[in-house]
Amino acid sequence: MSASADIATARPAREVPVAPLLFAGSLALYVVTALATGQHAYLTGEGFVGLTQRMVALGIVALGQTLTILVGSIDLSVANLISVSAVLASFIMKGEPAMIAPAVLAVLALSAAVGLVNGLIIARLDVNPLIATLGVGLILQGLLSASFSNFAGSVPSAFQAFAYGRIGPLPWSVLLLFVLALAIWLMLTRTRFGAHLYATGGNRDGARLAGIRTERVIIGAHVLCSLMAGLTGLYLASRLRAGAPWVGRDGIYDLESIAVVVIGGTLLAGGRGGVWGTLAGVFLFATLDAVFNMTGIDAFPKQVLRGAIVILAVAVYAVRSKGHVA
């Protein structure tokens, strides 16, 4: 098949509707568990809003991770970048509303710079993405640990509206998550950059021969991924009312963001997948959290079950793809 033909067929094919099945299955599990345990408060409007709020932090960073995996890369630095972003925002704000804009701009600038470094190391130096982003993540963790050991600064009440404000019954943060998902979906399906991203992930050499500047595509995917991690850090700083240097690492946002992307049907090898499958994977994890809370089971079995689901998902997609999954 020619390189042009590869690019023409690089967009996701119509196969098993992973996202609707995951959403429906997760919702059924949630409703059945609430009825079985008699905790009907979970079935009210407020209960469902609480369920969607559980999706926000992991959902935003997973949207960015989707782009790096689609392009055939990966980003293990997001967890430490989330911590750095939360601490930096809170440290700059120091409870002053006038410092909100400078803090947000500083976080986004730092995030874009980290994404640019990741992309340059991977695309220009041809370093394995796992090693490159792990190294950058460790550098960020080291710099953070050398400067902060506890909560830093504080977030003014005006900025806390990011996590706790609402428009009608819906939290702003949930609306932001779905607006970001819609924007990235439009980018992937309606823009040249989106087509190039699928093409580069599906066949990098073929895409290069077809005239696509694959290095720029990879760098762009990493910059967008890091910006999403920065937004997640801002959200968590707003939610915690201060920046905690452990918030990203303890949240396991690096591994969990990769897990939900894979569960949602995006191939680890790149070139196939999309944002709605990723959101469905995030919804599954949020549902599992709610189910474990309803049944009173502690965190250890939850992690075991999450790990088992990820292994099962990779196995299923490996069989379906006949070896195309890493």
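Is Thr133 buried or exposed, and what is its relative accessible area?

Modeller: The model is a predicted one. Thr133 is buried, with a relative accessible area of 0%. Thr133 belongs to helix H7, which runs over residues 129-147. Leaving aside residues up to four places away in sequence, Thr133 touches Ile74, Asp75, Leu76, Ser77, Asn118, Ile122 and His222. A polar atom of the Thr133 side chain also lies 2.6 Å from the backbone oxygen of Pro129.

Asn128 has a relative accessible area of 41%, so it counts as partly exposed. The side chain of Asn128 reaches the backbone nitrogen of Leu130 at 2.8 Å.

The buried residues in H2 are Val18, Ala19, Leu22, Ser26, Tyr30, Thr33 and Ala34. These residues cover an arc of only 120 degrees around the axis, so they lie on the same side of H2. On the face turned away from that buried side, H2 carries the exposed residues Pro20, Leu21, Val32 and Ala36. After H2 comes Gly38, with a positive phi near 75 degrees.

A search of the whole structure finds eight aromatic pairs. Among them is the pair of Tyr30 and Tyr42, which is edge-to-face, with 6.3 Å from centre to centre and 75 degrees between the planes. Tyr30 lies in H2 (residues 18-37), whereas Tyr42 is in the loop between H2 and helix H3 (45-53), so the pair ties together parts that are twelve residues apart in sequence. Tyr30 is buried, with a relative accessible area of 1%, while Tyr42 is partly exposed at 22% relative accessibility. Another pair is that of Phe159 and Phe162: the ring centres are 5.9 Å apart and the planes are at 65 degrees, so this pair is edge-to-face. Both residues lie in helix H8 (residues 157-164), three residues apart, about one turn of the helix. Phe159 and Phe162 are both buried. Tyr30 and Tyr42 also form one aromatic cluster with Phe48. Elsewhere, a charge meets a ring: the charged end of Lys94 sits over the ring of Phe91, 3.6 Å from its centre.

Most residues other than glycine have a negative phi. Arg241 is not a glycine, yet its phi is positive, about 70 degrees. Arg241 is in the loop between helix H12 (214-240) and helix H13 (247-250). With a relative accessible area of 43%, Arg241 is partly exposed. Ile252, also a residue other than glycine, has a positive phi near 50 degrees. Ile252 is placed in the loop between H13 and helix H14 (253-263), and at 28% relative accessibility Ile252 counts as partly exposed.

Conventions. Residues numbered from 1 in each chain as written. Predicted model: local features only at pLDDT ≥ 70, side-chain atom pairs only at ≥ 80, totals over all residues. Heavy atoms only, no water. Phe/Tyr/Trp six-rings, centres within 6.5 Å; stacked < 30°, edge-to-face > 60°. Helix = DSSP H or I, 4+ residues; strand = E, 2+ residues; numbered from the N terminus. Buried < 20%, exposed > 50% of the residue type's maximum accessible area, 1.4 Å probe, protein only. Lys NZ or Arg CZ within 6 Å of the ring centre and 35° of its normal. Arc of directions from axis to C-beta. Polar contact = N/O pair within 3.5 Å; in protein donor to acceptor, adjacent residues only side chain to side chain. Contact = heavy atoms within 4.5 Å.
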